[in-house]
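Visitor: I would like to learn how to read strand pairing and overall shape in a model. Could you walk me through this one?

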Amino acid sequence: MSDLVNIPRGDPTVYAPGTWELVFHEDEGDTPSYYSAVIWCPECGRPLSLQRGHHIDTEGRITPSVGHPEQYLQEQPCDWHVSPRLLGWPNLTPPPPREFSTCARCGEHSRSLSGWGTDGRYAGIICTACKKTLALEAPRETPEDPK
Ligand SMILES: [Zn+2]
Ligand SMILES: [Zn+2]
């Protein structure tokens, strides 16, 4: 069993052991953006990032409990493993997800448009895979405005 432990919010410029800091994760693919936290272990001082499986309720209580990743334990064992409550948890609402975009060529849906672009043959934006395919096809004719 792990204990419920109150953790104060830290000063972002100090990173004091035994405090927590707010972290914002951008939405990625189909995963919406969310707020999370990093806790600096009061015993070994290393940062403990919460995983996606961790839930922080409106009172700042984290479930399931927080321990150390396997890699840390191999480097330097640490027994600190608790059910933390983040004091001063702001309980912010993440911004709405970015709009889905649809590839004008294959219909692929995505929120992440890295690598997407335009092509004179299609009237909208096209996905990374289609851009590659099109680049391998015959050189394009004189570009004209999509009508
Ligand atoms: Zn530790
Ligand atoms: Zn496509």
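Visitor: Which residue stands opposite Pro 47 in S4?

Guide: Strands are DSSP runs of E with at least two residues, helices are runs of H or I with at least four, and both are numbered from the N terminus. Two strands pair if DSSP finds at least two bridges between them. Here Trp 40 is opposite Pro 47, and three bridges join the antiparallel S3 and S4 (residues 47-49). This is a predicted model, where local features need pLDDT of at least 70, side-chain atom pairs count only at pLDDT 80 or more, and totals for chains, interfaces and linings use all residues. Residues are numbered from 1 along each chain as its sequence is written, while chains are lettered from A and ligands numbered from 1 in the order in which they are written.

Visitor: What lies between S3 and S4 in their hairpin?

Guide: Six residues, and Gly 45 in that turn has a positive phi of about 80°.

Visitor: How many bridges join S2 to S3?

Guide: Six, again antiparallel; His 25 has Tyr 34 in S3 as its bridge partner. Glu 28 sits in the loop between S2 (20-25) and S3 (34-40).

Visitor: Is Glu 28 buried or exposed?

Guide: Buried needs 20 or more other C-beta atoms within 10 Å, exposed means 12 or fewer, and partly exposed is in between, with C-beta atoms placed from the backbone. Glu 28 is exposed because it has 10 such neighbours.

Visitor: How many helices and strands does the protein have?

Guide: Two helices and nine strands, in the order β-β-β-β-β-β-α-β-β-β-α.
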